[in-house]
Amino acid sequence: MGKKYRNLFDKIVDIQNLRDAYKKALKGGNRYSSGHLKFKENLEANLYILQQKMINETYKIGEYYSFLVYEPKKRIINSLPFRDRVVQHAINNVIEPIFEKTFYSTSYACRKNKGTHKGINKVQSTLRKMKKAGEVFFLKMDFSKYFHSIYSNLLKQKIQKKITDRKTLRLIFKFICEKGVMIGNLLSQLFANIYGHIFDTFIKTKLRIKHYFRYMDDTVILSHDKEELTKLQKVLNRFINLYMKLKFSKWFIQKADVQFINFLGMRIKSTFKLIRKDSATRARRHIKRFIRLKLFEKLRIFLSSWLGHVARADSFNLLNLLRGELEYARAN
């Protein structure tokens, strides 16, 4: 059954936890936003008011502000008022470590000491080891509209298996929609990992698949047996359809090193890895826009971040191009 957690509510509403949550909300947002500036004017008073509303269970989340982003694909992002981000951090501070203990090492999204580069390197190193024993095939699968397709009742059941504190559950459930979770909420990242853990558990404990990797809705399985992967895909498709209420947006089986493994923004083979072409195209588009609008500080920040990413790949021409652009940005 696993350990169940009670009496969490007092930890969440503890004023020191709320102060820490405020600092984290500030790091993840715009410190010059009107919402933050208004909250900061009477910081301690606002934190105590928020605490009392949570304790009395009169706290209600504010109105969502929705906007579109178009890269890497068109998505609706939802943002809550600053005080609601503080509440989410306060909750996350307490419950995230509880669920983190249950997650498999093969899950790489939104976790400490994980991330995209750890996931990419693990796939490549595993591929290299497997190649010594013969040819390797990969099954690549992506969930369709993952966040919006999460089955809320099942997600709540999984949370209730670990947390039995009713006041805590009522507070948590305020951030779960009737169907799915909102892209843009801090807690949505944790919820998505909790839901994805259902898939991980089925693969690792029921099917006992060894070479499996997941980053949110993006999954890869490696095997020496192509037929095994074909059968496996059918089993997994039935499982997510019937139990998790999800669908695969796309899936395919290919021979590794004949075809690149497209995973987490890179094209992976056993001996090298390259930045995905669409990622490089988007980067060039951003660079041209920043230069055209003479936004050199934003260009410098963007290039510094992207250089760190590209330096981990074997994309020498792209790396040299970015270094040249960075020198141009520093000179202006």
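**Note on charged side chains in the predicted model**

1. Lys131 is partly exposed, with a relative accessible area of 35%; here buried means under 20% relative accessible area, exposed over 50%, and partly exposed in between, with a 1.4 Å probe and protein chains only. The areas come from the Shrake-Rupley method.

2. The model is predicted, so local features need pLDDT of at least 70 and side-chain atom pairs count only at pLDDT 80 or more, while totals for chains, interfaces and linings use all residues. Residues are numbered from 1 along each chain as its sequence is written, and side-chain values use heavy atoms, with hydrogens and water left out.

3. Over the whole structure, the search returns 14 salt bridges, a salt bridge being a side-chain nitrogen of Lys or Arg within 4 Å of a carboxyl oxygen of Asp or Glu. Side chains of opposite charge can pair when their charged atoms come close.

4. Lys131 takes part in one of these contacts, with Asp257, at 3.3 Å from N to O. The pair links distant parts of the chain, 126 residues apart: Lys131 belongs to helix α6, and Asp257 to the loop between β6 (248–255) and β7 (261–263). Helices (H or I, at least four residues) and strands (E, at least two) are DSSP runs, numbered from the N terminus.

5. A salt bridge also joins Asp218 and Lys140, whose closest N and O atoms are 2.3 Å apart. Asp218 lies in strand β5 (residues 218–223) and Lys140 in strand β3 (residues 137–143), so the contact ties together parts 78 residues apart in sequence. Asp218 counts as buried at 13% relative accessibility, and Lys140 counts as buried at 5%.

6. Within helix α13 (residues 296–310), Glu297 and Arg300 are 3 residues apart, about one turn of the helix. They form a salt bridge with closest N and O atoms at 2.5 Å. Glu297 is partly exposed at 46% relative accessible area, and Arg300 is partly exposed at 29%. As for shared partners, salt bridges join Lys140, Asp142, Asp218 and Lys250 into one network.

7. On the surface, Lys122, Lys129, Lys132 and Lys210 gather in a patch of positive charge. Patches are made of residues with over 30% relative accessible area and no salt bridge, like charges being joined within 9 Å; the place of a Lys charge is taken as NZ. Of this group, Lys122 lies in helix α6 (residues 116–131) and is partly exposed, with a relative accessible area of 38%.

Notes:
Patch = residues over 30% accessible without salt bridge, like charges linked within 9 Å, V, L, I, M, F, W, Y side chains within 5 Å. Areas by Shrake-Rupley, 256 points an atom, 1.4 Å probe, with all protein chains shown as cover. Lys, Arg positive; Asp, Glu negative; His and termini not counted.
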